Amino acid sequence: MGNQTSKVIATSKKRRDRNRRRSLNTIHSHDGPYSISSNGNNDWSDTQSYKRSSEETLEAAVNAAEAMKNNISKQHLSSPPNAPRRKSISEFFSRRKQSLVALHPTNVAEDMKESDRLQRQHYLLKSSRKSNTVAPIDSPKVIIESGTGNGIWALEMAAEHKSSQIIGIDIKPPAYNISCPPNLCFNQSDITESWPMNNNSVDFIFQRNMYLCIMKEQWPKVLAEMFRVIKPGGYIELVETELWSHNPGPVQKAFISFYKDQCVSLNVDLDVDESIGTCLEETGFVDIEKTYIDIPIGEWPADSESRKYGFINKEIQKAMLKNKKHSYVPKWGISPNDYDVAVSEVLDEYEEFHSFSRFICWIAKKPLE
């Protein structure tokens, strides 16, 4: 695998030397690959302060990283009073990272880097969907986040739905002991086993990015538990990303081939796009809706909003590749230096081939008795 990868990298570099100039003028139409589709409420960003904060977060992150990328000197980083001054996206999120370190003192550095990346992805998805959720929930009393991770979604929902009880469940939930809203709690549970909730006791369940944690044969069990605890007429919302980017270049294809092999060995479902919808129907859910959210990787789109999302998404992909280096290098059979070269080539290919990430959202309802 290592020799094959080195050949792909060498071939790709030669091709770039022959044609270094990229054409970024051919952009797809509105219904093309970077069109962002959502059933969300477009008024969310102007109504509540806690909703505005994520947009400000994303905007500040973009401005900060652009300044870093263009090598703007420190003296030119000075800004008017009250304007955000950040040297990089990593510094911008450092306060949140430090708080997570305090809450998880036993976590290794790699865990915190991945938590930081997932937090950026959270704000990217929230901004592109214009909301934390698109399911038609109305005054829910109990909301569950399945696989809560660092708990950021649950925290924001607790602020948004102050009269609701928010419960985040995870095999390793965050240990928020201070500054935790009174309507938020976390429960340590394995979502692939029986859930610690009564039948018909939950109004809404949300789950995101669990495709690597739930094996193919476990999905029916997880959805069956959701169906058991959700009230008749209640909704669930699932959001998963496709396992690899669209419009890949040659080095990306080498990564994808390796990644597919790893997923097969772990019994990860490679076809969640079709299998989850079928499993929802077989479990008994009705009114099943599926929506695609396509987000560019890189600054190749023509319109400013897509370009902004693409810039952040490229930073997220870059962080993911760096975070996986220690795992991928020995399994792939290439040197650390070759891996770094491959990552650099992939980042260039995102722009050249107009790559994009695809997220899939399912909304399903438990039928009324």
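Over the ring of which residue does the charged end of K366 sit? The residue is F227, and the charged end of K366 lies 4.9 Å from the ring centre. A charge counts as over a ring if NZ of Lys or CZ of Arg is within 6 Å of the ring centre and within 35 degrees of the ring normal. The model is predicted: local features need pLDDT of at least 70, side-chain atom pairs count only at pLDDT 80 or more, and totals for chains, interfaces and linings use all residues. Residues are numbered from 1 along each chain as its sequence is written, and side-chain values use heavy atoms, with hydrogens and water left out.

- Strand 4 covers residues 202-208, and seven of its seven residues are buried. Buried means under 20% relative accessible area, exposed over 50%, and partly exposed in between (1.4 Å probe, protein chains only).
- Helices (H or I, at least four residues) and strands (E, at least two) are DSSP runs, numbered from the N terminus.
- Strand 1 (residues 142-146) pairs with strand 4 in the parallel sense over four bridges; pairing requires that DSSP finds at least two bridges between the strands. I144 stands opposite I205 of strand 4.
- Strand 5 (residues 230-241) also pairs with strand 4 in the parallel sense, over six bridges. Here I230 in strand 5 is the bridge partner of V202.
- From strand 4 the chain crosses through helix 7 (residues 219-229) to strand 5, in a right-handed β-α-β crossover. Right-handed means that, with the strands pointing away from the viewer, the path from the first strand over the helix to the second runs clockwise.

**Aromatic pairs**

- There are six aromatic pairs. Rings of Phe, Tyr and Trp (its six-membered ring) pair if their centres lie within 6.5 Å; planes under 30 degrees apart count as stacked, over 60 as edge-to-face and the rest as tilted.
- W153 and F206 are stacked, because their ring centres are 4.2 Å apart and their planes are at 5°. This pair links distant parts of the chain, with W153 in helix 6 (residues 152-160) and F206 in strand 4, 53 residues apart. Both W153 and F206 are buried.
- F255 and Y339 form an edge-to-face pair, at 5.9 Å centre to centre and 65° between the planes. F255 belongs to helix 8 (residues 250-265) and Y339 to helix 12 (residues 336-352), 84 residues apart.
- F255 is buried at 9% relative accessible area, and Y339 is buried at 1%.
- F255, F258, Y328 and Y339 are linked into a cluster by ring pairs.

**A further charge over a ring**

- R358 lies over the face of Y292, 4.7 Å from the ring centre.

**Helix 8**

- The 16 residues of helix 8 should span 22 Å at 1.5 Å a residue, and the end C-alpha atoms are 23 Å apart, which agrees. The expected span is 1.5 Å times one less than the number of residues.
- The buried residues of helix 8 are V251, Q252, A254, F255, I256, F258, Y259 and C263.

**Cysteines**

- The count of disulfides is zero, a disulfide being a pair of cysteine sulfur atoms within 2.5 Å.
- C180 is in no disulfide, and the nearest cysteine sulfur, that of C185, is 7.9 Å away.
- C180 is partly exposed at 27% relative accessibility, and C213 is partly exposed at 49% relative accessible area.
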